[in-house]
Amino acid sequence: MPSRITSPDEAKPDFLITPNECQRRLAIGQTTYYEWVRRGWLHPISFSKRLHRLRASEVDALIDEMQKGGAK
């Protein structure tokens, strides 16, 4: 049986980070964080009314995009 070929992105696990960690990585405040969520630039995952996490890969991709000068 042939093995399935995976891309490097599929092989890496996607870690979840807290909103505070997201704010720290992006060097933004809480108000800006909520504005970016409202605009659809960040997509938190809700586990309950008070528990939210973000994909680290999504935050890192946003950082890369901002460094290239292509902010949304």
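## Aromatic contacts and fold

A search of the whole structure finds two aromatic pairs. Rings of Phe, Tyr and Trp (its six-membered ring) pair if their centres lie within 6.5 Å; planes under 30 degrees apart count as stacked, over 60 as edge-to-face and the rest as tilted. One of the pairs is Tyr33 with Tyr34, edge-to-face, at 5.1 Å centre to centre and 70° between the planes. Tyr33 counts as buried because its relative accessibility is 3%; buried means under 20% relative accessible area, with a 1.4 Å probe and protein chains only.

The model is predicted: local features need pLDDT of at least 70, side-chain atom pairs count only at pLDDT 80 or more, and totals for chains, interfaces and linings use all residues. Residues are numbered from 1 along each chain as its sequence is written, and side-chain values use heavy atoms, leaving out hydrogens and water.

Another ring carries a charge. The charged end of Arg39 sits over the ring of Trp41, 5.3 Å from its centre. The test is CZ of Arg or NZ of Lys within 6 Å of the ring centre and within 35 degrees of the ring normal.

The chain runs α-β-α-α-β-β-α from the N terminus. Helices (H or I, at least four residues) and strands (E, at least two) are DSSP runs. Three strands form an open sheet, order 1-3-2, with antiparallel pairing. Strands pair if DSSP finds at least two bridges between them. Two bridges join strand 2 to strand 3. Ile45 has Arg53 as its bridge partner in strand 3.

| Strand | Residues |
|---|---|
| strand 1 (edge) | 16-17 |
| strand 2 (edge) | 45-46 |
| strand 3 | 52-55 |

Buried residues make up 21% of the 72 residues.

Conventions
Buried < 20%, exposed > 50% of the residue type's maximum accessible area, 1.4 Å probe, protein only.
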